Amino acid sequence: MLNREEWLPLARKLDWDYSYVREDEVFPEVISGRPWLPHSEWKDWEESFKTSYREYVDNQYEKDMAVQAVHDAVGRIENVQKLALPWLNSLKVHAAALPLAEFTGVIGNLRGARFGRDSAWRTMATFGALDEYRHTQIPLLLFHPLLRLDSQFDWAHKFYHTNNWFAVAARHFFDELTVGQNAIEFHIATNVVLETGFTNLQFVGLASLARESSDHMFERMVTSIQTDEARHAQIGHPVLATVMKHDPKYAQYLVDKWFWRNWRLFSILTGLSIDYLTALDQRPYSFKEFMEEWIIDQFLRTLDEFGLEKPWYWDLLMDELDIYHHMIYASAYSYRATLWFNFVIPGPSERKWLRHKYPKYWDEMDAVWEQISERWRTVGPGPANELAVHGTALPTFCDLCQLPLSAGTPRKNTARVLVHDGRKYIFCSEPCQWIFLHEPERYASHTDIVKRVLSGEAPAQLPNLLTEYFNLTPDTWGKDVHGGDYEWLRAPKDSAA
Amino acid sequence: MPVPLYGFLQGDTVGLLILAEDGDTLEALAQKLQAAASLRVAARHPVRVVYNDKIMAPSMTVAQAGFEALDRFDVLSG
């Protein structure tokens, strides 16, 4: 009987020469990816952490039991009820955005498990698919039962099945990243950029935030997921190394494109959670500090490791660290009924903290919050006045990322109109337009929410749009956490400021 | 026939869809955008309408200015 060290290489490296078909028929470029290279160029593919199926199952079983134990100890509804209301809404954001996005990762990994170019790569992608299935099931198991506490948790299952604007944006991203992707681009975009670049470290940060917020169930969940990510993220590195060797320009394009696409989505999910939906005294850092310390440094090291350049839009991205998620949050607050979670207005002490952390543009943002606060002062607090402190005109969306046209600053929005093949498009930023122009055939036929309204596919009136197209109800649509009833809003204006 | 336009009010955090009429003056168009964004941005006077990088005369109509569906316009302070 072979021992592990003898058996594992034999099981992992199980490639052979084809006699009845050509190699490019077994691994067509359209689904295996480009550059198309013979197996001789991939045969040295190696993952740095090697595991067998038996070891994998043993490890995962132990991790699942640990999650279950924490769930049993602190995951009951009465435990969740003790969490601060803003944080509870951060949970709702992740409960919706995470599980079925992870499920699309199953599909992407299974594509790698079949069309990856080396058998060791295919073996690791099989484990990756099992990981992502686990990352689907755990949050569904933990979050969906909270529906008994709050009907907005229904969106853990529902979110990706709706045409809610944020679901359209998230689906546009994950469909391209995972579902409709070839094996090479999938593993570079997902493993190298999303997981190594963002989620692996983001989950460490989220676990820390959850701990500060006394949310031990969420802390345990993301920690457990993160340990899988750290393992399967390694699949992409030898893929990128081979693409870099044969087509460095394409490798640079993939990294540039996917870092931007990831930034757009994760700056919203994580930026809002850190800077607005975590109680002020429980914030260990600002979102910008988190990005600089965890994401940016790590990404630059990855670029160095592969001999890649910084993306051409680097200066713009550094500038966005100061403003983009603030623009999105203020916009989303004023259209909160279009979403499935509740919002909080930053009060005087939060705004002082935000000014300290984001001095570059905070004056412009502060004026917006002052105006919104003034509306609450005028109409008075209470659920009946929610829609009096809400936008009425239709907000607009980028034709690439599908997110609101909220890039730039309040002083100068960076949206840009482009006519392509006789059709008019609008993009929130230069990088989104740049991605579109590189692969217009991929994006051109997708319609954003505005075009759907104008074509009659979606209702034009906001109440109908919310209920008939975004699948919201008066119970589930987003509201102000406190119904506009803030102590500082009741105080005379001068003493509150 | 309404002309759907992307309106960007200086000081705001998001672009808004504004349905203009051909006969609307640009002054009226600016007022429509200011009203639509009033939750986030206090009304300011005077304002300027910028279209294709040019400051437009406020008395000009949407049709005279040559606005087409899904064009961008900006309303700036001063």
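A residue is called buried if 20 or more other C-beta atoms lie within 10 Å of its own, exposed if 12 or fewer do, and partly exposed in between, with C-beta atoms placed from the backbone. With 19 C-beta neighbours inside 10 Å, A:Asn471 therefore counts as partly exposed. This is a predicted model, in which local features need pLDDT of at least 70 and side-chain atom pairs count only at pLDDT 80 or more, while totals for chains, interfaces and linings use all residues. Residues are numbered from 1 along each chain as its sequence is written, and chains are lettered from A and ligands numbered from 1 in the order in which they are written.

A:Asn471 lies in the loop between helix H23 (462-469) and helix H24 (487-490) of chain A; helices (H or I, at least four residues) and strands (E, at least two) are DSSP runs, numbered from the N terminus. The phi of A:Asn471 is near 60°, a positive value in a residue other than glycine. Most residues other than glycine have a negative phi, and most peptide bonds are trans. In chain B, B:Asn52 also has a positive phi, of about 50°, although it is not a glycine. B:Asn52 is placed in the loop between S3 and strand S4 (54-56) of chain B. Because B:Asn52 has 12 C-beta neighbours inside 10 Å, it counts as exposed.

The bond from A:Arg34 to A:Pro35 is cis, with omega near 5°, and A:Pro35 sits in the loop between helix H3 (29-32) and helix H4 (53-74) of chain A. The bond from B:His45 to B:Pro46 is cis, with omega near -5°. B:Pro46 is found in the loop between helix H1 (26-36) and strand S3 (47-51) of chain B.

Consider next two helices of chain A. The 13 residues of helix H6 (residues 85-97) reach 19 Å from the first C-alpha to the last, close to the 18 Å expected at 1.5 Å a residue; the expected span is 1.5 Å times one less than the number of residues. H6(A) is mostly covered, as twelve of its 13 residues are buried, among them A:Trp87, A:Leu91 and A:His94. The cover over these buried residues includes helix H7 (99-115), helix H8 (119-143) and H10 of chain A. For helix H10 (residues 165-179) of chain A, 15 residues at 1.5 Å a residue should span 21 Å, and its end C-alpha atoms are 19 Å apart, which agrees. H10(A) is also mostly covered, with 13 of its 15 residues buried.

Two packed helices are described by the angle between their axes and the distance between the axes. The axes of helix H17 (residues 324-334) and helix H19 (residues 362-379) of chain A come within 11 Å and cross at roughly 15°; axes are lines fitted to C-alpha atoms, for helices over the stretch in contact, and angles run from 0 to 180 degrees between N-to-C directions. H17(A) and H19(A) are therefore roughly parallel to each other, a term for angles under 35 degrees. Their contact includes A:His326 and A:Tyr333 of H17(A) and A:Val368 and A:Trp369 of H19(A), where contact requires C-beta atoms, placed from the backbone, to lie within 7 Å.

Finally, the contact between the chains takes 20 residues from chain B and 28 residues from chain A. On the side of chain B that touches chain A, strand S1 (3-9) and strand S2 (16-20) of chain B each give two or more residues.

How values were computed. Contact = placed C-beta atoms within 7 Å. Parallel < 35°, antiparallel > 145°, perpendicular 65-115°, else oblique.
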